[in-house]
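Please look through the structure shown below, together with its sequence. The report that follows takes up a few of its parts in turn.

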Amino acid sequence: MKKKWTAALLAGAMTVSMLVGCGSTGDSETASESVQSDTKGQEKVEADSTANDGASSDEEITIKLFSNLPDRKNGQGLVEQMIIDEYMDANPNVTIEVEALDEEAYKTKFKAYAMNGMPDVVSIWGQPSFLDEVLDAGVLAELNEEDYLDYSFIAGSLDGFKKDDKLYGLPRNTDIMLFYYNQKMFDDNGWKVPATYEELLSLCGDIQAAGITPVAMDGGDGWPMACFLTDIMVKIAGTDYADIVSKAVAAGDFNAPEIQQATQILVQSADAGMFQIGYDSQDYGTAMNLFTNGQAAMFCMGSWECSMALNEDIAPEIRDNIRAFTMPTIDGGKGKASDIAAWNGGGYAVSANSQVKDEAIKFLNYMYQPDKLSKYGWENGVGLSAQDQTAYLTGSETELQKQVMDILKNAGSISGTPINDCGPSAFKTAIESEIQGVSNGSTSVDDFLAAIGAACK
Amino acid sequence: MKKLYSNKPVILSLVLPGLLVFLFAVLAPICLSVYYGFTDYSGMGEARLIGFDNYANLFHDSAFGRSLKNSLLLAIGFICIQHPLAILVAAVLDKLQGKAEGIFRCIYFIPNVISVAVIAYLWKFIYNPDFGLLNNIAKAFGHPGKINWLSQQNAIWSVLIVLIWHGFGWGMLIYYTGIKNIDPVLYEAASIDGANWWTTFMRITLPMMKPVIQINVTMAIISALKQMETVYLLTNGGPNNSTQFVANYLYQQAFKAFKYGYGNAIGVVFIIICVLATVTLNTIFKDKQEA
């Protein structure tokens, strides 16, 4: 009998160790990729420092940057790399080592770093679901808000990065929730951009009748649908949205009439066939492909996808016809057309225990000089930054870029953090899963609201 | 030589590497897991002891219940569908002989050679309602509309099919090797006695394969319990946890929901279940062997 138990224990232990082994495979693959790009970066650094040999005799400093942008040749990752290269050219004694992972892997490793010492500069998200636990652990350095008075940050954009009025990070982007649509498809079929939610629903009916999917939705990930719900809530509650949600999160009670009504509208819309069949199990790429292949008339996503208009992989007849509109107003709702769902999400911070904290903050400030992140970002069609970009208009912007710029310029109010990011990460995980159940009809609205409320406690 | 083996330092030096690996790579993490299972540790900052709260919460956690049920369903699927089929196919393969044997063996094993990530995406495309293979076949047979294979109701069955299909080749190969190791003299004697194929299979192949079946079934149950990669990539437990499995749920809770303590509590329950499953299986097979 004793032998049997020992054997069983060993078998159990084996299972656990296998599990550990399995879990790390994916990570190590991604990590090795990032190491490769690191080495390339380092080679360049070495070449750069030889070129500038003798320019400075300051002590050698190495800044470690941990980034959530693994693609260093396109979009935001390219912008980040451009600034890094410029900074190293200007400061030959400084070497910046980049480690970049995809968002999911990034967040996991971020946590591991938080336990055992962080890299010097890190990507962060100025939202409670990410930042609360991080700030509680005290791993980020405090920044001096007065340093940034002339950095033309958009009013309120720093709020998500503060705790007890102290600033711990800086925002990189302004994200707006949008309906991208295919202008040509709309014109050919005589469809019009809806001004009210009623019109949107009837438009979806017309599109369905034409055998096309009305709205491509990435429901498999959960968060785009939570952003969609946020958008509906903003049109119902208007400027009270943030207040209602923060109260609900604090009390763990989501039975406010506005939240109930918004959820019901989401359920009705999904039930009426607004999204593609199987939206609740399909990922980002699949949903986006439906739209960019012309199988869906609209795509519900954030303004960061504006670069679709510049994406060579999308057929020109679609790429050139992509336009956007914001959530139409809802009958009886307090939100006006100009009250939009938008927020400042991703950004950067400096580690509290960094050995080279001063240099790291110097580099952070360099990145945020208005003619760096904002300017380069705009020129590369990355989307809207959290700083005033009007000075960098080139005149050759895509129609889509101009449209989105106008939407932001004409906005009466901005919602702030989407609902799923307003609570602790346990709440985020719960709502992003439960929202699939409520929208596909397997969970009732009441059960949904109770479940997400329980996750806040 | 004998003297060398009775020398205690020598024994120690031979045992030590294995012992150290066991202590630090297996036992220590388990002990840490047990400790963290009693805390509200988020993965960062301070850990606070909270007694059995995590375990009490587990009992009310419907998603955890669902994931346990799904793991059990998968184990049943492995034992009742995958393995009987694998044994039969292995027996038929053994009878095929010649070139065909090699070709079919290879074909059945191919899914195991392909990376899990590729398998997951392959099936994602096959199941897609808009451009997937399955729906196009259904359409060719005149089915109107699109079937949502990964809907809340269908998803678990679709996922089970992928997992059973994916692990099939591995099980079959082990059974095949087992069958190949059976002494051909037995078959010869049976055929002289006039036994047909079915009798030979039931009276010689199956009984001789008992040790192989025991190992294979134990491994199948453990792999059902620790199922993670395919599910993570195929559905990530969705829609709304309908395809959630224990290992994937553990990962989500520990690393996405920042509930590291809770994740560890799941891990501890998971270890206990694995140990119980192994003990039960050993008992069942032992009784059979004695009988």
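## A strand and its partners in chain A

In this predicted model, strand E8 (residues 213-216) of chain A runs parallel to strand E9 (residues 296-302) of chain A, and three bridges join the two. Within this pairing, A:Ala216 has A:Phe299 of E9(A) as its bridge partner. Strand E7 (residues 173-182) of chain A also pairs with E9(A), but here the sense is antiparallel and the pairing extends over five bridges. A:Leu178 is bridged to A:Met301, which belongs to E9(A).

## Two domains in chain A

The domain assignment divides chain A into domain 1, made up of 33-49 + 60-172 + 345-392, and domain 2, made up of 175-342 + 409-454. Between the C-alpha centres of these two domains of chain A there is a distance of 29 Å. Where the domains touch, domain 1 of chain A contributes 12 residues to the contact and domain 2 of chain A contributes 15 residues.

On the side of domain 1 of chain A that touches domain 2 of chain A, the largest share comes from helix H4 (residues 128-136) of chain A, which supplies four residues.

## The build of chain B

Chain B contains 14 helices and zero strands. Its radius of gyration is 24 Å, whereas the globule rule gives 19 Å for 291 residues; the value for chain B is well over that figure, so the chain is more spread out than a compact globule. Along the principal axes, the C-alpha trace of chain B spans about 80 × 75 × 35 Å.

Of the 291 residues in chain B, 36% are buried. Among the contacts in chain B with a separation of 6 or more, 67% are between residues 24 or more positions apart.

## Where chain B meets chain A

The contact between the chains draws 39 residues from chain B and 42 residues from chain A. On the side of chain B that touches chain A, helix H2 (8-37), helix H13 (246-256) and helix H14 (260-290) of chain B each supply at least two residues. H14(B) gives the most to this side, with six residues. The residues on the side of chain B that touches chain A comprise 19 nonpolar, 14 polar and six charged.

Notes. Residues are numbered from 1 along each chain as its sequence is written. Chains are lettered from A and ligands numbered from 1 in the order in which they are written. This is a predicted model: local features need pLDDT of at least 70, side-chain atom pairs count only at pLDDT 80 or more; totals for chains, interfaces and linings use all residues. Two residues are in contact if their C-beta atoms, placed from the backbone, lie within 7 Å. Ala, Val, Leu, Ile, Met, Phe, Trp, Tyr, Cys and Pro count as nonpolar, Asp, Glu, Lys and Arg as charged, and the others, Gly among them, as polar. Domain bounds come from an automatic or database domain assignment. Two strands pair if DSSP finds at least two bridges between them. The radius of gyration is taken over C-alpha atoms; the globule rule is 2.2 Å times the number of residues to the power 0.38. A residue is buried if 20 or more other C-beta atoms lie within 10 Å of its own, exposed if 12 or fewer, and partly exposed in between; C-beta atoms are placed from the backbone.
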